[in-house]
Amino acid sequence: MTTTRKPFLPPRWVIRVAWLAHRALYRVTGGRFGLRKPTTKTYGMLRIHTTGRRSGAKRTAILGYFEDTPNLYTLAMNGWGDPEPAWWLNLQAHPEATIELPEGSRDITARPATGDERTRLWSQIAKLDPNLDGYAARRPRETAVVVFEPRRAAQA
């Protein structure tokens, strides 16, 4: 008889404190620390500016991301907690946003990956994190793979 244990996740309060510390580090250093490019072994970190779905106010979050040139992508997973992350709910209502990367800002349009594209991107993340499916199983819904496409400049 084999049993499959769920991968370890720290308590929710630890995850939330880590998020607060990361944002504080970014703010205190004037953005010198907190963002990074992805490598072959780990995800990058970006800062996204969205529009609130109900308030219309500007919202900001720091997210992990991966490259799929020319697009970037991430998981809408809220620390593997149950609710959808607010940034993803905001993007569903207002898909145009701006991201900050270590090399500068980029205007993007966000969309969920579907079908073969979602399967391909999910498997790329799973190569880096063998516990990915175990973490995703903790959520009551499918975790969205969110693609950030470069926004085309408006035609003059």
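Let's start with arginine 120, which is partly exposed, with a relative accessible area of 35%. Those labels have cut-offs: buried means under 20% relative accessible area, exposed means over 50%, and partly exposed is in between, using a 1.4 Å probe and protein chains only. Arginine 120 makes a salt bridge with aspartate 68, with 3.0 Å between the closest N and O atoms. By salt bridge I mean a side-chain nitrogen of Lys or Arg within 4 Å of a carboxyl oxygen of Asp or Glu. This pair links distant parts of the chain, since arginine 120 sits in helix H3 (residues 115-128) and aspartate 68 in strand S2, 52 residues apart.

Before I go on, a word on what you're looking at. This is a predicted model, where local features need pLDDT of at least 70 and side-chain atom pairs count only at pLDDT 80 or more, while totals for chains, interfaces and linings use all residues. Residues are numbered from 1 along each chain as its sequence is written, and side-chain values use heavy atoms, with hydrogens and water left out.

Okay, the overall layout. The protein chain has four helices and six strands, and along the sequence they come in the pattern α-β-β-β-α-β-β-α-α-β. Helices (H or I, at least four residues) and strands (E, at least two) are DSSP runs, numbered from the N terminus.

As for pairing, two strands pair if DSSP finds at least two bridges between them.

S1 and S2 are antiparallel, with eight bridges. Within that pairing, histidine 49 has threonine 60 in S2 as its bridge partner, and isoleucine 48 has alanine 61. The hairpin of S1 and S2 has six residues between the strands, and glycine 56 there takes a positive phi near 75 degrees.

Next comes S3. A hairpin of two residues joins S2 to S3, and these strands pair in the antiparallel sense over three bridges.

Now the inside. The largest nonpolar core has 18 residues, and those with the most contacts inside it are Leu46, Ile48, Trp87, Leu91, Val146 and Phe148. A nonpolar core here is a set of buried Ala, Val, Leu, Ile, Met, Phe, Trp, Tyr and Cys residues joined through side-chain atoms within 4.5 Å. Strands S1 (44-51), S2 (58-68), S3 (71-76), S4 (96-101), S5 (104-112) and S6 (144-150), along with helix H2 (86-93), each supply at least two residues of this core. What does leucine 46 touch? Not counting residues up to four places away in sequence, its partners include Leu35, Ala61, Leu72, Ile99 and Phe148. A contact means heavy atoms within 4.5 Å.

The structure holds nine salt bridges. One of them joins the side chains of glutamate 103 and lysine 37, at 3.8 Å, N to O. Glutamate 103 is in the loop between S4 and S5, and lysine 37 is in the loop between helix H1 (12-28) and S1, so the pair ties together parts that are 66 residues apart in sequence. Glutamate 103 is partly exposed at 47%, and lysine 37 counts as partly exposed too, at 43% relative accessibility.

Then there's arginine 118, which forms a salt bridge with glutamate 142, the closest N and O atoms being 3.5 Å apart. Is each end buried or exposed? Arginine 118 is buried, at 14%, whereas glutamate 142 is exposed, at 59%. And Glu96, Asp107 and Arg151 are linked in a network of salt bridges.
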